Protein chains: 2
Amino acid sequence: MPASNSLPARVEQVINIKAERILHPFSPLTVQEITQAAGLVKNEYPGVELNFKCVTLREPEKEVMKEWLKAEEGLKPQIDRKAFVVYYIARTPDIFETVINLGTGTFEYKTKLEGLHSCADGEEVMEMERVCLADEGVQAEIAKLQLPEGTIVIADPWIYGSDGVDDERKQWQCYLYSRSKDNADGNHYANPIPISPVVDVATRKVVRIDRLPTGIDDTITDYKPHKPILNEYTPEHQKLRTDLKPLNIIQPEGVSFRFSKNGEELEWQKWKFRVGFNHREGMVIYNVSYDGRDVFYRLSLSDMAIPYADPRKPYHRKQAFDLGDAGAGLMANNLKLGCDCLGTIAYLSFPIADDKGEPVVMENCICVHEQDAGIQFKHMNYRTGNSVISRMRELVLQSIITVANYEYIFAFIFNTAGELSYEVRATGILSTAPLDPEIKDCPNFGTIVHPGVLAQHHQHIFSLRIDPAIDGFGNKVIYEEAKPMERDDPFNPFGTGYYITETKVETEGGFLESPENNRVFKIQNPKHLNPVNNKPVGYKIQAPPFQKLLASPDSYHFKRAEFADKAVYVTKYKDWELYAAGMYTNQSRGGHGIREWVKRGTKFDTEEGDDIVVWVQFGINHIPRIEDFPVMPVETLRVHLKPVNFFDKNPALDLPPSTQSINKSVLLNVDGNNHKQGGVEAEIGGDGEVAAVHSSSGSGACCQ
Amino acid sequence: MPASNSLPARVEQVINIKAERILHPFSPLTVQEITQAAGLVKNEYPGVELNFKCVTLREPEKEVMKEWLKAEEGLKPQIDRKAFVVYYIARTPDIFETVINLGTGTFEYKTKLEGLHSCADGEEVMEMERVCLADEGVQAEIAKLQLPEGTIVIADPWIYGSDGVDDERKQWQCYLYSRSKDNADGNHYANPIPISPVVDVATRKVVRIDRLPTGIDDTITDYKPHKPILNEYTPEHQKLRTDLKPLNIIQPEGVSFRFSKNGEELEWQKWKFRVGFNHREGMVIYNVSYDGRDVFYRLSLSDMAIPYADPRKPYHRKQAFDLGDAGAGLMANNLKLGCDCLGTIAYLSFPIADDKGEPVVMENCICVHEQDAGIQFKHMNYRTGNSVISRMRELVLQSIITVANYEYIFAFIFNTAGELSYEVRATGILSTAPLDPEIKDCPNFGTIVHPGVLAQHHQHIFSLRIDPAIDGFGNKVIYEEAKPMERDDPFNPFGTGYYITETKVETEGGFLESPENNRVFKIQNPKHLNPVNNKPVGYKIQAPPFQKLLASPDSYHFKRAEFADKAVYVTKYKDWELYAAGMYTNQSRGGHGIREWVKRGTKFDTEEGDDIVVWVQFGINHIPRIEDFPVMPVETLRVHLKPVNFFDKNPALDLPPSTQSINKSVLLNVDGNNHKQGGVEAEIGGDGEVAAVHSSSGSGACCQ
């Protein structure tokens, strides 16, 4: 909840240093730039209170950036810094979008938006809580529950979603819960209350008090006195196990990565890239290269949709777009040393804007560290007994967001074999609903996770935006499949043969995965062929298959989650086309995102390569287990991007071998060693003939 | 290559200690027992040389074990130790199988096998190399290649496979390669030679010299002089990177696991289980319980099939069953401290038998260690700013096998959330084939990975055998799917609802995965219901979907790989039904494995639960990249077994919080902290009415 504008002295210092240098075109807006942009907007509205939703970098057009990137240092063209700003006239539905040239101090455009709503912010959420709980009507309803004295009632404002009925105005659906007075960190999700007030953002009034169905159908029954039963997740409420011994990660010579440009550029194991951060996407990775070769132009989580299975009012509107409706930057945790990460950790902090347009530095919103990831490769020559082993190292850029009840741990992970992954760990607390305690069997749209508490099934569908630059900007997408050779093909007399096919993605569109055909999507540069095997250089996408959005195609869930129906979308690059469900997801009706964009049907130049964007969807259908409550063990998903014929051999081959002199492992017990190795070889003499047959020699050495 | 029978003194000591105590019925055969069993067999054949293929524990019948397990310590029934022995009359095709009661010294049965072949052993492989390379005809063929002086020619004996043509006798197909003389660890797979002699095991003679096709079709062309081009994987041939800093794992208070029973029983974080090891499966895990509750009776990798895509003779027979044809125990690496593992490591050693029936201790064939696995759960209360974070710890039992060119890193991984995984990392060197160097474009059944070298596509399909005991032996399998609610269902007016269905596995059979329906297989105990939600307690299986065997159903590849066509097989438990492709896979013709067994069509008792076995298949279709050569970065697969309504809340909840005082992370740089937290609450007064609305309080503490 970023709300403060009092920056500690040290941060001011860091920020001011940043301002003194020439900013990289991808540098997030500085504190000064945020202040300048918001100030220019405020000047337009003397005496009028504004509610800022976003003051963020307007990234340069790609064509401009291409010129900039290829120009030599010192000869770079100047690119004006620009801000993208969204704001409301406070306490009105009037919302505006503007782009400001910070170099000239002028507005490039300023538009009043119609039929669109912007995201949440921390102050708005708190205000909704206040309005809801202070409302006399709500208080009268709460009183009917006859809660015990000292019970604390809490309102979790939920984004309103959409069903096309009376949802033109921006509203919040508040879900009510209780906790005991003596525990501020009490888990209120164990005690949901069947009252759900709706608050209008502009008027700041409760406009409706929904009653929640508490049975297995949609009947609303009379209130029953609610007797809270606690189910706490905090350690002081547990009998903690005492037999888990500490495990420390020590890097005696320091880390292997190197920052430059005030922490915005990172170099590690031949990888080089820029780190950005913004209100909406949180972490953004720019200009990824490996050993001097371009790989990706821009990588970010584009959006996510979390639709719920429960069809009953008001749950039928329960679908969150956590990035579009709130913002992965806005919700980023302040990561704490020794709590969120293990090892030697660097933290990055970036400013975003609060609701007043004031800069707020999101401290430690990204942590950077290395981790060991087991063996990278091994081969033991059975003839000599000699082994070659290298260990995989990963560089992790992690950001954790809290979306009210839920947590997502996001990480870009680079490794020593030229591979790059995006990892999501889902954790936090299930969003719960009240259920009559006498109901003992779970309804088929949810799981009972605590007496009187239903955790409804829901999907988490993520969209990772990949703007590739595989050896340059001319790229294409193909998918490869493996097929059995025809049984009557004379080339396949024993029926054992199979082969691969390649299908080019020729026009913009969405595509399904097909594990039964081993379908693999690859991003290639058709003009750069591997020198050894003549295949186009490329990276393949390995993403876990997932169940697509289950909501009906005529539902608002479906219309709004424009990316959630396909595994991969491919579009022609367009400036600022960044968010798969559209720029404004809050109470959206669809039609502004990727499903709309691909209707353009742009044909790609697959011969020369084209400037494309690849959107990779992945997710889980979360059928809650009781083990997910009161806080959920992580469920982990990883999307891998791996080189395919991009290099001319294993790029990890030059990793130093895994040796005890470096690894300093500790032996718990040792037995002897009587493995035996051996083989036989034929040696060729001067005439090309076999001169001798003898045993292989070798000492059975590991690389100590 | 286990071949020695001279045990170091310390090992003798360990083994003798073992022999002095009463052995657990699942204890692998001791050195003395192996000696006794082989001796009893040898006594039957005075003056006759025998070739032992396996002298291993014959596990007790499950019904016997059930009695034993439930009897109290001190009152356990005595169970005679038994050995299962397979042997040949040396240099003949005559193969026998016997079970010997070691308590009574008597043969339970002894059978001459017909039409079956046993596995490889280290001595046999070396003998095949010798026969092949010493053969005059082979040497004459090699001479025609006019290899440079000092070239070393190597023969990789490959199991012969099967095509139903002249393969009644046990044979080996030798693939030839070359390396330079001055490098005993030279990568010969970079220089395949188009000559492939076939050796008869019984006669020890080359029976045929196959010529390999080197074009893109099956034509055999004249020899061309072969000019080796090196492509080495050993570190001394690389310019090693120097910027990867050491990363050490320190456990200052030691490990959290505890061995008992001479290393065969392990306790860690409420898990308790037994470790076994045998010639064929390598690691076996028995009697897994969590917090005193039974979970699994027996877990092991059952087998694997690696069929190749190239349909041309002799490659059409190239399909390995690395467990059945050779043995994961036989091929287990001697793991080295600081090379194969990081942290504080315990190593286990177990004896197996060599070809003479002599015991060989496989030193350090399993390593046991803990690893950090990132955050286990996190929640940050946005109202107080307080976070609760615990880190996941994993206990890893790792074994690495070398199958000539290829390595598999196998691991059973237990975690702190009651989850158990089986991980496979594929690495090592691709099995390569010669290709005319003038061919520049890859044929569609392989990838050129080096000039003149083709790596043929191949599948790796694994079968994990799960013998469950979820709260006892009465278990069943169901699969759950998520389905959209009918659009015209009045309960689903907005089209957003979805629900889950459950399908019981009522009879023995094989089943496909179905990610598009979110199909999840669960093993449940129908008589044990979760006390909170009335669902049967269970564990779910999360395995990555994979492409099934591509070979035609009428091919020998298909007939032999009896498990490779389904994601999950479920059978009624039968004693010693352990290997999915049958007991004898070498040159098998099918009909002895799981596809045959399920034809029994045994009906399960899904009301009371039944004694079932679940076979989980997973794999990769390996379309080689050039990056996989000359040694392959790991490709990782994990099968997860996760509790579903087995506990009554998150079983990791009692993990100690992640704190800096324990983790001792190191800060690389620090900025200040001005995140702000906050929320609003309503407090209930004595009359059940809202008495006050106030701000939430909290300090934003992490659990330091």
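This is a predicted model: local features need pLDDT of at least 70, side-chain atom pairs count only at pLDDT 80 or more; totals for chains, interfaces and linings use all residues.
Two elements are taken to be in contact when heavy atoms of one lie within 4.5 Å of heavy atoms of the other.

**Helix α3 of chain B**

Helix α3 of chain B spans residues 62-70, and its buried residues are Lys62(B), Met65(B), Lys66(B) and Trp68(B). Viewed down the axis of α3(B), these buried residues fall within an arc of 165°, so they line one face of the helix. An α-helix has 3.6 residues a turn, so residues three or four places apart point the same way. The face of α3(B) that is turned away from the buried side carries Glu63(B) and Lys70(B), which are exposed.

**Domains and a sheet of chain A**

Chain A is divided into four domains, whose bounds are set out in the table.

| Domain of chain A | Residues |
|---|---|
| domain 1 | 29-111 |
| domain 2 | 120-235 |
| domain 3 | 261-642 |
| domain 4 | 658-694 |

Between domain 2 of chain A and domain 4 of chain A, the C-alpha centres lie 69 Å apart.

Chain A also contains an open sheet of 4 strands in the order β1-β2-β3-β4, with antiparallel pairing. Its edge strands are β1 (50-57) and β4 (106-112) of chain A, each of which pairs on one side only, and the twist averages 15° from one strand to the next. Within this sheet, strand β2 (residues 82-89) of chain A and strand β3 (residues 95-101) of chain A pair in the antiparallel sense over 7 bridges; Lys82(A) has Asn101(A) in β3(A) as its bridge partner. Helix α2 of chain A, residues 31-43, lies across β1, β2, β3 and β4 of chain A and runs at about 140° to β1(A).

**How the two chains are related**

Two copies of a chain are related by a rotation about an axis and a shift along it. Here, chain B can be laid on chain A by a turn of 180° and a shift of 0.0 Å along the axis, with an RMSD of 0.0 Å. That is the relation of a two-fold axis. Among the residues of chain B, Ile249(B) comes closest to the rotation axis, its C-alpha lying at 2.4 Å. Of the interface residues of chain B, 100% are also interface residues in chain A, so the copies meet through the same surface.

Conventions
Residues are numbered from 1 along each chain as its sequence is written. Chains are lettered from A and ligands numbered from 1 in the order in which they are written. Side-chain values use heavy atoms; hydrogens and water are left out. Buried means under 20% relative accessible area, exposed over 50%, partly exposed in between (1.4 Å probe, protein chains only). Helices (H or I, at least four residues) and strands (E, at least two) are DSSP runs, numbered from the N terminus. The arc is that of the directions from the helix axis to the C-beta atoms. Domain bounds come from an automatic or database domain assignment. Two strands pair if DSSP finds at least two bridges between them. Axes are lines fitted to C-alpha atoms, for helices over the stretch in contact, and angles run from 0 to 180 degrees between N-to-C directions. Copies are superposed by least squares on the C-alpha atoms of residues with pLDDT of at least 70 in both.
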